[in-house]
Amino acid sequence: MKAIAYHNYGSPDVLKYGEIEKPAAGDNEVLVKVHAASVNPLDWHFMRGTPYVMRIGSGLRQPKDTRLGVDAAGQVEVVGRNVTQFKSGDEVFGLCQGAFAEYACAPERKLAMKPDNVTFEQAASVPVAAITALQSLRDKGKIQAGQKVLINGASGGVGTFAVQIAGSFGADVTAVCSTRNVDMVRSIGADQVIDYTHEDFTKSRQRYDLILDTVGNHSLLECRRVLNPKGKYIMIGGPAGRWIDPLPRAINALMLSRFVSQDMGMLMAKVNKDDLTILRDLIQAGKVTPVIDRRYTLVEAPAAIRYLEEGHARGKVVITMESELAKKHISMPTAESSDR
Ligand SMILES: NC(=O)c1ccc[n+]([C@@H]2O[C@H](COP(=O)([O-])OP(=O)(O)OC[C@H]3O[C@@H](n4cnc5c(N)ncnc54)[C@H](OP(=O)(O)O)[C@@H]3O)[C@@H](O)[C@H]2O)c1
């Protein structure tokens, strides 16, 4: 099968498109024929092997797993003998190891049935980003209707889901983004928008019950300043570093939490079937619509990652498989900025 593989850490140039062996589903796994995959910052962290601390798990000198990509949507090809909830032909989405390939395997517990009102590309854009937004707001943030919630980095992969998910909980949502994204974040439901090129949200008089920070460009003390006394600050990422960042910021947030009335900390998302199913229901109810920025073909995966690494994606960046394009009789307009 065709796939993206890499044998050394480095820039997108290390990614090679070619033939690799089709994976076989284990007893608890599902083999998925991938129709579309999406790109996450996680993928370029694995590609570069940074922060270095992650190489303890991914391989010290070279990547242990030469395949890349996790988010996928497609059709079930084969199920392992212990799999009970899927059968051949089902349309699914979820976490598939090595998703930048024609076929990839996923544990049954990391997949759900695809929402039937969206494309495979939209479904593939959901798993990591939307689950991060959902778990941050619901589990760590304990979001409530009527609360004032600020999303910093509202126009990115996680941010575009967070704005819509916070809205679905009945929160009053303030989105922070740059000028070119103001209309887009309004269109997905932001009640207020702060253009960070003109205004610094940490200097505002407004106070928030919950801040979801996908950027980490303000100090913790600055963020705390605009939290209500019982407010919560949740970071999910921060400026990328070579060694251990953003761990020190996460530790500082935990330490600070012990001395102030607010709750501050980091969330690491865990993809699971229950949350994928909640997201599928939100999508089917029209409360959440994945926002797709650019589409690439599998052979163009290095360009997709290069673009995401620039840090200015508007929603999600997806990779569409040739088979899917052929089915739709589409010739790919590459690096095209589309909308929702
Ligand atoms: N903890 C977890 O489990 C977890 C899970 C997923 C992701 N993450 C992390 O979360 C972060 C965000 O992920 P993502 O998928 O959303 O990334 P992304 O799609 O690459 O986010 C890019 C967005 O960030 C915005 N941005 C850049 N600088 C900004 C600033 N100063 N103020 C406000 N917005 C700014 C950009 O908007 P402009 O173009 O307008 O600047 C762009 O829309 C990454 O660090 C990622 O590693 C963590």
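This is a predicted model: local features need pLDDT of at least 70, side-chain atom pairs count only at pLDDT 80 or more; totals for chains, interfaces and linings use all residues.

Between which helices is the place of Pro-51?

1. Pro-51 has its place in the loop between H1 and helix H2 (55-58). Helices (H or I, at least four residues) and strands (E, at least two) are DSSP runs numbered from the N terminus. The peptide bond leading from Thr-50 into Pro-51 is cis, and its omega is near -5 degrees. Most peptide bonds are trans, and most residues other than glycine have a negative phi.

2. Residue numbers start from 1 along each chain, as its sequence is written.

3. Lys-142 belongs to the loop between H4 and strand E8 (148-152). Lys-142 counts as exposed because it has 12 C-beta neighbours inside 10 Å; the classes are buried for 20 or more other C-beta atoms within 10 Å of the residue's own, exposed for 12 or fewer, and partly exposed in between, with C-beta atoms placed from the backbone.

4. The domain assignment of the protein gives domain 1 (2-126 + 290-328) and domain 2 (129-266), such bounds coming from an automatic or database domain assignment. Their contact takes 13 residues from domain 1 and 16 residues from domain 2, where two residues are in contact if their C-beta atoms, placed from the backbone, lie within 7 Å. On the domain 1 side that touches domain 2, there are seven nonpolar, four polar and two charged residues. For these classes, Ala, Val, Leu, Ile, Met, Phe, Trp, Tyr, Cys and Pro are nonpolar, Asp, Glu, Lys and Arg are charged, and the others, Gly among them, are polar. The C-alpha centres of domain 1 and domain 2 are 27 Å apart.

5. Both domain 1 and domain 2 contribute at least three residues to the shell around the ligand. A residue is near a molecule or strand if its C-beta atom, placed from the backbone, lies within 6 Å of it. Of the 30 residues around the ligand, those that come nearest are Gly-156, Gly-157, Ser-178, Gly-237 and His-312. The shell comprises 14 nonpolar residues, 15 polar and one charged. At least two shell residues come from each of helix H4 (127-140), helix H5 (157-168) and strand E9 (172-177).

6. Lys-316 is part of strand E15 (residues 316-320). Lys-316 counts as buried because 29 C-beta neighbours lie inside 10 Å. Beyond its neighbours within four places in sequence, Lys-316 has contacts that include Ser-38, Gly-157 and Asp-293. Lys-316 and Ala-124 are 192 residues apart along the chain, with their C-alpha atoms separated by 9.4 Å.

7. Helix H1 (residues 41-48) packs against helix H10 (residues 301-309) at an angle of about 105 degrees, the axes being 9 Å apart. Axes are lines fitted to C-alpha atoms, for helices over the stretch in contact, and angles run from 0 to 180 degrees between N-to-C directions. H1 is therefore roughly perpendicular to H10, a term for angles of 65 to 115 degrees. H1 contributes Pro-41, Asp-43, Trp-44 and Met-47 to the contact, and H10 contributes Ile-305, Leu-308 and Glu-309.

Notes: Angles under 35 degrees count as roughly parallel, over 145 as roughly antiparallel, 65 to 115 as roughly perpendicular and the rest as oblique.
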